[in-house]
Amino acid sequence: MAIDTLQKTTSTGHKRPKRPPLRAASKAGGRLWIRLAVALLLVIEIYPLIWMFLTSLKSNSDYLDNSTWSLPTTWEWGNYAEAWTTGNIGLYVKNSLLAVVPALALILLLGTAAGFALQIMVWKGRSLTLLVFLAGMMIPPQMILLPLFTLYFQTGLSGTLWPLILTYTGTGLPLTVFMMATYYKTVPRELFEAATLDGAGILRAFWTISVPMVRNALLTVGLVQFFFIWNDLLIALTFTNSQDLRTIQVGLLNFTGDFGATQYGPLFAAICINVFGTLVIYLFLNQKVMKGLTSGAVKG
């Protein structure tokens, strides 16, 4: 009788009561673990920045006598002014900009033109040329410092910022050419064919068609190269032979006070100026960088 009743119930179209699904519970548990992992990563990333900022507000005796993790007993905001004036951070930032901006402009200009020539233009030997640029990525910078130092000394470029500009340009071009050649694969060839039929030359097709279409890629590559060059220590330490030419990374190495004693408060204040300045640039350009990274992955 029970079986007949069950058959009648199903035949009339009524549905059985469903058990609570297990997939929803598993999804909720998975989301919880993801949120915990993201929170842990945020703590790992943000806590050192907070510690560095708090340390920059300590006096020298406060840093040496008290615990490393303790709050400042007196908030020394004057450490930032001392780092900028007495510590010459303003001069070091200016030297870094004078070396980074021209080198970055040359890297983007030459790298974009080379990527355009290697992917859009048709000529013999372009595959071999691309392999030569890729081989340049495999050369360690340490191997070329001594020959370049001798060359710059013989040509009279030592004592200026030109060794930094030229070396940064040469070391940054292989990666830039490779990335820009990859991005140019996503640009439709029909656009350049139509421009050629309309009478546009190579230079006009390059400046008016290709450059606007890869502007997100240019921003991404430029930001990556900017961080590489700005955070460089080895090349800047090799080719800067006077205090007036030091970049900010080299200047932080010699951040001492009277009798060679390290002034930890102004030192951490200078580090905060360096770190938070570059962090603001990245946060401001974050969305465009993400677009540039994904645009190069559309085609292989």
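This is a predicted model: local features need pLDDT of at least 70, side-chain atom pairs count only at pLDDT 80 or more; totals for chains, interfaces and linings use all residues.
Trainee: How many cavities of 30 Å³ or more does a search of the whole structure find?

Mentor: The search finds 2 cavities of that size.

Trainee: How does one find empty space in the first place?

Mentor: A probe the size of a water molecule is rolled over the atoms, and this shows where empty space is left.

Trainee: How much space lies in the largest cavity, then?

Mentor: The largest cavity holds about 40 Å³ of space.

Trainee: Which residues line the largest cavity?

Mentor: Its lining consists of F149, Y152, S158, G159, P163, F239 and N241. By class, 4 of these residues are nonpolar and 3 are polar, with no charged residues.

Trainee: And the second largest cavity, what lines that one?

Mentor: The residues around the second largest cavity are S96, V100, Y168, I229, W230, D232, T247 and Q249. Two or more of the lining residues come from each of the helices α5 (89–119) and α11 (215–230). The volume of the second largest cavity is about 40 Å³.

Trainee: How do the lining residues of the second largest cavity divide by class?

Mentor: They divide into 4 nonpolar, 3 polar and 1 charged.

Trainee: Now for the outside. Which residues form a nonpolar patch on the surface?

Mentor: The patch is formed by I34, V38, L42, I46 and I50, which together have about 440 Å² of accessible area. One of these residues, L42, sits in helix α2 (residues 22–55).

Trainee: Why does L42 count as partly exposed?

Mentor: L42 counts as partly exposed because its relative accessibility is 46%, and the partly exposed class lies between under 20% for buried and over 50% for exposed.

Trainee: What about N88, where is it placed?

Mentor: N88 is in the loop between α4 (78–84) and α5. N88 has a positive phi of about 60 degrees, although it is not a glycine. Its relative accessible area is 25%, so N88 is partly exposed.

Trainee: Changing topic again: is G222 buried or exposed?

Mentor: G222 counts as buried, because its relative accessibility is 9%. This residue is found in helix α11.

Trainee: How many residues apart along the chain are G222 and L104?

Mentor: They are 118 residues apart along the chain, while their C-alpha atoms are separated by 6.9 Å.

Trainee: Last one: where does L267 lie?

Mentor: L267 lies in helix α14 (residues 264–284). With a relative accessibility of 14%, L267 counts as buried. L267 and N254 are 13 residues apart in sequence, and from C-alpha to C-alpha they are 9.5 Å apart in space.

Terms used
Residues are numbered from 1 along each chain as its sequence is written. Side-chain values use heavy atoms; hydrogens and water are left out. Patches are made of residues with over 30% relative accessible area and no salt bridge: like charges are joined within 9 Å, nonpolar side chains (Val, Leu, Ile, Met, Phe, Trp, Tyr) within 5 Å. Accessible areas come from the Shrake-Rupley method with a 1.4 Å probe; for residues, only the protein chains shown count as cover. A salt bridge is a side-chain nitrogen of Lys or Arg within 4 Å of a carboxyl oxygen of Asp or Glu. Helices (H or I, at least four residues) and strands (E, at least two) are DSSP runs, numbered from the N terminus. Buried means under 20% relative accessible area, exposed over 50%, partly exposed in between (1.4 Å probe, protein chains only). On a 1 Å grid over the protein atoms alone, a cavity is a set of points where a 1.4 Å probe fits but cannot get out, and a pocket is an open set with protein on both sides within 12 Å along at least five of seven lines; lining residues have an atom within 4 Å of a point. Grid points are joined across faces, edges and corners, and a volume is the space filled by probe spheres set on the points. Ala, Val, Leu, Ile, Met, Phe, Trp, Tyr, Cys and Pro count as nonpolar, Asp, Glu, Lys and Arg as charged, and the others, Gly among them, as polar.
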